[in-house]
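My entries follow in the order in which I looked things up.

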Amino acid sequence: MAQASSVVNINKRKLCVSLPFHGFVVAMAVLLLCFAPISVSAAARRQPPQQQLPQKLRFGRNGEFKILQVADMHYADGKTTPCLNVSLSQVHGCSDLNTSMFIQRMIEAEKPNFIVFTGDNIYGSDAKDSAKSLNAAFAPAIAAGIPWAAVLGNHDQQGTLSREGVMKHIVGLKHTLSQFNPSEAHIIDGFGNYNLEVGGVEGSGLANKSVLNLYFLDSGDYSTVPAIPGYGWIKPSQQLWFQRTSAKLQRAYMSPPKAQKSSAPGLVYFHIPVPEFASFDSSNFTGVRQEGISSASVNSGFFTTMVEAGDVKAVFTGHDHLNDFCGQLTGIQLCYAGGFGYHAYGKAGWSRRARVVVASLEKTEKGVWGAVKSIKTWKRLDDQHLTAIDGQVLWSKNSAGTRRKKHDNGSD
């Protein structure tokens with residue numbers, strides 16, 4: 001059992017958000033949220049950096065596409081940066097290098113087709129040089145030559161690079177498919193809003209179709225609206241881009257050639273959970289909830305936007321390191337990854353962890369690979385055996401998401 005003192009004072013690592021909004025304040029807050037103007041002059045100056053031509057993602061010849069999610073590395077200065085909230089036997093010699101080794105172990109064990117880093121990739125305020133910390137944090141993925149993508153959290157920009165500077169640095173690294181912002185969106189909030197398409201198996205009838213769509217959004221850091229305290233949120237400009245992109249992808253998928261009867265499934269990645277993550281209890285999710293849901297103190301409506309789009313099957317976030325559950329709401333699975341990094345707050349005796357997602361294709365009557373038939377997930381713990389836990393089906397063409405009993409080696 002973990003000692004009570006082993007859980008770090010989360011207030012020191014995260015901004016605790018209260019929700020004391022009533023009456024007039026609520027009305028004013030919502031008005032400010034919806035109608036606060038974007039700084040056009042600032043947005044117009046945001047020029048995306050030069051990038052190499054994007055690598056085409058596609059399903060393997062085994063009909064699968066595997067994604068490794070890494071949440072909250074909180075990387076700082078490598079071997080001189082201590083670990084937080086580990087057992088006494090782990091303290092000596094524990095550093096950021098443990099985080100790097102965990103990524104390497106996961107790559108060797110799972111052999112993912114793609115890696116997604118869902119924010120707080122570095123802990124900026126503890127990093128002497130943000131650029132060097134970013135290089136080191138993503139080094140295992142780069143060394144493995146695996147395509148990867150990243151979004152920003154609320155701590156990445158707290159060092160020697162601005163939020164814009166962090167994203168510009170990321171998109172210049174090797175093997176990344178991260179994008180600064182969509183070229184077609186002239187004015188959009190945040191940095192790192194983009195989508196990636198995953199093609200069918202080479203040589204199959206759907207080789208030139210995007211059979212799985214991946215969306216990435218900047219959920220912000222902290223509110224810039226004086227009347228609304230707490231964390232940031234996904235803004236109307238971002239939601240409009242998402243709506244248009246989703247609609248465009250669905251039209252293309254259901255149009256000739258090889259027109260499909262329904263839209264391809266979509267997965268969405270960002271850092272700060274939407275308020276709807278608080279809709280679950282232990283009776284209707286798989287995993288554990290050991291801390292509050294640290295979403296924005298207002299609801300920007302992005303969950304409703306995703307439901308209305310119709311193609312989103314699952315959302316993946318980080319931010320709350322002691323939560324690792326998946327729960328289904330209105331047809332969408334809302335999933336935490338659980339804390340990954342050793343310089344991030346955690347809980348002694350509760351292993352750092354990573355989430356794996358696998359999309360599998362169906363075989364047609366002619367024996368060739370077709371559309372996505374199912375999306376499954378599990379987590380692996382950074383223990384001696386990289387123990388796999390909480391396997392579940394997030395979505396399938398024939399049924400709703402199902403859950404299996406969890407097995408964890410730590411205390412809840």
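**Entry 1, ground rules.** I am working with a predicted model, in which local features need pLDDT of at least 70 and side-chain atom pairs count only at pLDDT 80 or more, while totals for chains, interfaces and linings use all residues. Residues are numbered from 1 along each chain as its sequence is written, and side-chain values use heavy atoms, with hydrogens and water left out.

I find eight helices and 13 strands, where helices (H or I, at least four residues) and strands (E, at least two) are DSSP runs numbered from the N terminus. Of the 412 residues, 57% are buried, a term that I use for under 20% relative accessible area, with exposed meaning over 50% and partly exposed in between (1.4 Å probe, protein chains only). I also looked up the contacts (heavy atoms within 4.5 Å): among those between residues at least 6 apart in sequence, 71% join residues at least 24 apart.

For the helix pairs I take axes as lines fitted to C-alpha atoms over the stretch in contact, with angles from 0 to 180 degrees between N-to-C directions. The axes of α4 (residues 96–110) and α5 come within 9 Å and cross at roughly 25°, so I note α4 and α5 as roughly parallel (angles under 35 degrees; over 145 is roughly antiparallel, 65 to 115 roughly perpendicular and the rest oblique). The crossing of α4 and α5 is right-handed, meaning that the near helix is turned clockwise from the far one by less than a right angle. On the α4 side the contact is made by Ser100, Ile103, Gln104 and Ile107, and on the α5 side by Ala136, Ala137, Pro140, Ala141 and Ala144. I sort these residues into seven nonpolar, two polar and no charged, counting Ala, Val, Leu, Ile, Met, Phe, Trp, Tyr, Cys and Pro as nonpolar, Asp, Glu, Lys and Arg as charged, and the others, Gly among them, as polar. The spacing of such positions recalls a general point: an α-helix has 3.6 residues a turn, so residues three or four places apart point the same way.

At what angle do α7 and α8 pack? Helix α7 (residues 236–253) and helix α8 (residues 302–309) pack at about 15°, with their axes 10 Å apart, and are therefore roughly parallel. Gln239, Phe242, Gln243, Ser246 and Gln250 of α7 make the contact with Phe302, Thr305, Met306, Glu308 and Ala309 of α8, and I count four nonpolar, five polar and one charged residues in it.

The buried residues of α7 include Trp241, Phe242, Thr245 and Leu249, and among what covers the buried residues are β5 (194–199), β6 (210–216), α8 and β12 (369–381). Ser237, which lies in α7, counts as buried at 13% relative accessibility, and its C-alpha is 7.4 Å from that of Ile187, 50 residues apart in sequence. From strand β6, Tyr215 counts as buried at 0% relative accessibility and touches residues including Phe242, Thr245, Ser246 and Leu249.

Which peptide bond is cis? The bond from Pro256 to Pro257 is cis, with omega near 0°, and Pro257 lies in the loop between α7 and β7. Asp120, in the loop between β3 (114–118) and α5 (130–144), has a phi near 50°, a positive value in a residue other than glycine, and at 2% relative accessibility Asp120 counts as buried. Leu386 likewise has a positive phi of about 50° although it is not a glycine; Leu386 sits in the loop between β12 and β13 (388–396) and counts as buried at 7% relative accessibility.
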